[in-house]
Amino acid sequence: MFLAARTDRDAKPQHAGISMFIVPMDTPGITIKSSTTMYDGSFANIFYDDVRVPADALVGEVNGGWKVLTDALANERGLVGGGIVLKVARAFDLLCRDVRADAALRADPRVRDAIGQLAAEIEVGRQLMIHCAELAESGTTPPELGAISKVFSGELMERFGEAALELLGPRAALSQHASGGLRNGRYEQTLRHSLMWVISIGTNEIQRSLIAQRGLGLPR
């Protein structure tokens with residue numbers, strides 16, 4: 001796995017003293033403790049005790065790990081944002097089918113407005129995804145654009161989940177483990193997953209600060 005480690009305690013600013021390493025997970029001293037997450041996935045807590053790696057495990061330059069880390073995260077945020085948008089788009093297709101199947105929902109202009117708003121936002125997310133993918137292919141995604149994609153897509157999933165519950169009612173809040181849930185609990189799962197995406201890969205609050213400083217040139 002990637003490991004960012006402090007290699008110069010006296011470096012100023014502090015992030016200038018970080019180096020990046022690739023560490024084999026079977027290296028002595030590494031302990032892995034898995035946990036189950038609220039979004040039905042798994043996560044690993046990694047502990048390092050007197051772990052030693054060879055010099056060729058270094059990625060980039062000594063004390064140059066911050067650039068390696070931020071470049072990798074910018075690309076990841078841009079592309080992960082695209083993956084989130086695709087998940088929302090698939091769930092949106094199911095939502096449209098369920099709305100069409102209900103005559104009262106189909107005839108309600110407020111429902112049509114909500115569906116149209118979601119469709120527009122999904123297209124915005126798709127365009128962001130394509131742009132970030134093109135930038136990554138040509139070199140790297142600027143950190144502020146990766147942050148924009150990540151913030152928009154994560155909060156889009158949250159807005160979609162809330163809209164689905166509002167439009168379809170209590171049955172959309174039932175999980176796949178409950179009887180009577182819509183689409184095998186897909187809507188509930190989407191909303192539950194959205195809580196992870198506004199935190200994962202850097203909280204959206206931190207991403208907004210990055211956008212403000214790097215993208216808009218605002219002061220800290």
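In this predicted model, the charged end of arginine 159 sits over the ring of phenylalanine 152, at 5.6 Å from the ring centre. A second contact of this kind involves lysine 33, whose charged end is placed over the ring of phenylalanine 47, 5.4 Å from its centre.

**Helix H4 and its partners**

Helix H4 comprises 26 residues, and the distance from its first C-alpha to its last is 37 Å, close to the 38 Å expected at 1.5 Å a residue. Just after H4, glycine 169 adopts a positive phi of about 85 degrees.

The structure contains 1 aromatic pair. The pair consists of phenylalanine 160 and tyrosine 187, and its geometry is tilted, with 6.5 Å centre to centre and 40 degrees between the planes. Phenylalanine 160 belongs to helix H4 (residues 143–168) and tyrosine 187 to helix H5 (residues 186–197), so the pair ties together parts that are 27 residues apart in sequence. Phenylalanine 160 is buried, its relative accessible area being 0%. Tyrosine 187 is likewise buried, with a relative accessible area of 0%.

Arginine 208, by contrast, is partly exposed, with a relative accessible area of 43%.

A further spatial relation concerns alanine 114 and alanine 163, which are 49 residues apart in sequence and 7.6 Å apart in space, C-alpha to C-alpha. Alanine 114 is located in helix H3 (residues 109–138) and is partly exposed, at a relative accessible area of 26%.

**Salt bridges**

| aspartate 93 | arginine 97 | 2.8 Å |

Aspartate 93 and arginine 97 are both in helix H1 (residues 65–100), 4 residues apart, about one turn of the helix. Glutamate 188 and arginine 192 are also 4 residues apart, about one turn, and both lie in helix H5. An α-helix has 3.6 residues a turn, so residues three or four places apart point the same way.

The surroundings of these two pairs can be described by accessibility. Aspartate 93 is partly exposed, with a relative accessible area of 34%, and arginine 97 counts as partly exposed at 44% relative accessibility. Arginine 192 and glutamate 188, on the other hand, are both buried.

Helix H5 additionally contains histidine 193, which counts as buried at 15% relative accessibility. Histidine 193 and glycine 181 are separated by 12 residues in sequence and by 17 Å in space, C-alpha to C-alpha.

**Backbone features in the loops**

Lysine 12 and proline 13 are joined by a cis peptide bond, with omega at about -10 degrees. Proline 13 is placed in the loop between E1 and strand E2 (18–22).

For aspartate 50, phi is near 55 degrees, a positive value. Aspartate 50 occupies the loop between strand E4 (42–48) and strand E5 (58–59) and is exposed, with a relative accessible area of 78%. For asparagine 63, phi is near 65 degrees, again a positive value. Asparagine 63 is found in the loop between E5 and H1, and its relative accessible area of 27% makes it partly exposed.

**A nonpolar surface patch**

Met1, Met25, Ile32 and Tyr48 form a nonpolar patch on the surface, and together they have about 330 Å² of accessible area. Methionine 1 lies in the segment before strand E1 (2–6) and counts as partly exposed, at 39% relative accessibility.

Technical notes: Residues numbered from 1 in each chain as written. Predicted model: local features only at pLDDT ≥ 70, side-chain atom pairs only at ≥ 80, totals over all residues. Heavy atoms only, no water. Phe/Tyr/Trp six-rings, centres within 6.5 Å; stacked < 30°, edge-to-face > 60°. Helix = DSSP H or I, 4+ residues; strand = E, 2+ residues; numbered from the N terminus. Buried < 20%, exposed > 50% of the residue type's maximum accessible area, 1.4 Å probe, protein only. Lys NZ or Arg CZ within 6 Å of the ring centre and 35° of its normal. Expected span 1.5 Å × (residues − 1). Patch = residues over 30% accessible without salt bridge, like charges linked within 9 Å, V, L, I, M, F, W, Y side chains within 5 Å. Areas by Shrake-Rupley, 256 points an atom, 1.4 Å probe, with all protein chains shown as cover. Salt bridge = Lys/Arg side-chain N within 4 Å of Asp/Glu carboxyl O.
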